[in-house]
Amino acid sequence: MTISGEAREVWEQIGNDYWGQSPYWNAYLNERYMLGFDIHYGKHVRTFVDFKSGINSFRFGGPRPIDEKKLDFQAAFLQVGTAEGQNFIDLRVGIHELEYGSGRLIDVRQGPNVRLSFAGFLVQSKIDRWLVDGFAMRPRLDKFGFFDDRPNNQIGFWGVYASRPAPPKTSVELYYLGLDRKQATYQRGTAQEVRQSIGGRVSRPIATERPGWDFDDEALWQFGTFGSGNIRAWTVATETGYRFTNTPLKPRLSVKADISSGDHPASNTLSTFNPLFPKGDYFGVLATTGPGPLNFIDVHPHVELTLPHNVSASFDWIVQWRQSLDDGVYNVPGSLIRAGNASEARYVGNRPGTQIHWQKTRHLWFQGDYGIFYAGRFLKQSQPGRNLNYWCLWTGYEF
């Protein structure tokens with residue numbers, strides 16, 4: 001039996017949330033506590049249980065579902081299968097976390113206080129050099145009480161995700177993902193959404209010992225139906241970086257350039273890209289506020305520095321536009337926060353930000369984030385268009 005756990009405290013403060021649509025200042029404390037038990041009964045049977053508790057204090061308007069959960073299961077599954085070796089296959093049934101690739105599409109939602117989990121079954125296998133997962137699940141509805149989360153019967157999620165290493169030091173991933181939402185809302189309206197996603201990712205990890213290039217490139221095509229119409233959407237996401245390990249502070253310089261399709265409501269085809277279940281801090285600083293990866297174009301330079309005493313610092317600047325002038329701006333989970341027909345401007349805004357992380361010991365860490373999202377022409381014309389100000393202090397203990 002292996003026991004694991006986490007305690008995390010986060011003080012978050014937001015000014016002009018959603019560029020002035022919410023109260024001027026909103027400051028609150030989030031607490032997360034987790035405790036897990038991983039038990040192996042020989043080589044073929046395993047049970048895993050992970051409890052979660054999230055507490056929110058002082059938030060104006062009360063906690064959101066991503067902020068508070070008195071006590072529930074984050075994971076609770078039974079696993080049976082063959083012993084791991086050159087080839088293996090395992091079946092898991094119960095409550096699961098899902099995290100694949102860079103987290104652009106499927107992630108545990110580490111940034112928000114309450115992590116995401118799914119209920120259903122998962123088959124994991126290894127065939128030669130390929131790792132292949134197949135799953136059919138429903139996301140769990142986040143509620144505030146004690147053991148009251150339930151599978152969301154309005155959403156079905158299934159897919160196959162395969163990955164393998166490739167020379168030189170490269171990873172290749174291919175996947176198919178299916179989503180059925182009984183009530184999905186975009187700027188054009190609300191209807192049942194049945195969306196299929198086919199994509200691939202090629203990546204190389206960040207250099208640590210020797211100078212070198214890293215990259216993370218992903219492309220995705222989506223099709224299906226939205227009400228009586230069709231779905232045709234897409235995204236391309238890239239990141240290219242270089243680490244200088246032989247110079248002081250071992251800087252890494254990188255640039256992200258991403259684009260995802262937006263809608264044209266005059267047609268009978270929904271063109272808004274759906275990021276499915278992305279990571280909460282999709283664009284880094286501004287983890288739970290600001291724009292999400294729908295209908296956007298961005299350029300995102302980034303500098304990382306390694307300081308003495310296990311301290312790291314990063315500085316980035318994201319510039320964002322709308323891909324379609326007929327579609328609006330959405331948040332990270334995919335909800336519309338600013339309709340696009342109020343302005344014909346493409347430029348949404350830009351956000352400089354910084355993050356400092358101190359790994360005090362193997363288990364204890366501290367972090368500070370700060371960012372300002374300067375409203376661009378689209379936000380100012382569609383009103384309100386105030387600059388968004390964000391800062392956050394974190395501390396955590398993990399074992």
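Which strands each supply at least two residues of the nonpolar patch? Strand S4 (69-81) and strand S5 (88-96) do. Strands here are DSSP runs of E with at least two residues, numbered from the N terminus.

Before going on, a word on the model. This is a predicted model, where local features need pLDDT of at least 70 and side-chain atom pairs count only at pLDDT 80 or more, while totals for chains, interfaces and linings use all residues. Residues are numbered from 1 along each chain as its sequence is written, and side-chain values use heavy atoms, with hydrogens and water left out.

Back to the patch. Its members are Tyr-41, Val-45, Leu-78, Val-80, Leu-91, Val-93 and Phe-121. Together they have about 560 Å² of accessible area on the surface. That area comes from the Shrake-Rupley method with a 1.4 Å probe, and for residues only the protein chains shown count as cover. A patch takes residues with over 30% relative accessible area and no salt bridge; nonpolar side chains (Val, Leu, Ile, Met, Phe, Trp, Tyr) are joined within 5 Å, like charges within 9 Å. Take Val-93, in strand S5. Val-93 is partly exposed, at 46% relative accessibility. On this scale, buried is under 20% relative accessible area, exposed is over 50%, and partly exposed is in between (1.4 Å probe, protein chains only).

Next, salt bridges. How many does a search of the whole structure find? The count is 24. Each needs a side-chain nitrogen of Lys or Arg within 4 Å of a carboxyl oxygen of Asp or Glu.

Start with Asp-67 and Arg-59, whose side chains meet at 3.8 Å, N to O. Asp-67 is buried, at 1% relative accessible area. Arg-59 is buried too, at 17%.

Then Arg-188 and Asp-263, at 2.7 Å, N to O. Arg-188 sits in the loop between strand S10 (170-186) and strand S11 (189-204), and Asp-263 in the loop between strand S14 (252-260) and strand S15 (269-270), so this pair ties together parts 75 residues apart in sequence. Are the two partners buried or exposed? Arg-188 is partly exposed, at 26%. Asp-263 is buried, at 2%.

Arg-252 lies in strand S14 and Asp-214 in strand S12 (residues 212-226), so parts 38 residues apart in sequence are tied together. Arg-252 is buried, with 2% relative accessible area. Asp-214 is buried as well, with 3%. There is also a network: salt bridges with shared partners join Lys-52, Lys-69, Asp-72, Arg-140, Asp-148 and Asp-149.

Stay on strand S14 for a moment. Ser-254 is found there. Ser-254 is buried, at 5% relative accessible area. Its C-alpha atom is separated by 9.5 Å from that of Trp-213, 41 residues away along the chain.

Last, the second largest pocket. How many residues line it? There are 37, and Arg-109, Phe-277, Pro-333, Gly-334 and Ser-335 lie nearest its centre. Strand S7 (130-141) and S10 are the elements that give two or more residues to that lining. S10 gives the most, with 7 residues. By type, the lining divides into 19 nonpolar, 12 polar and 6 charged residues. Nonpolar here covers Ala, Val, Leu, Ile, Met, Phe, Trp, Tyr, Cys and Pro; charged covers Asp, Glu, Lys and Arg; the others, Gly among them, are polar. A pocket is an open set of points on a 1 Å grid over the protein atoms alone, where a 1.4 Å probe fits, with protein on both sides within 12 Å along at least five of seven lines; lining residues have an atom within 4 Å of a point.

Definitions and conventions: Helices (H or I, at least four residues) and strands (E, at least two) are DSSP runs, numbered from the N terminus.
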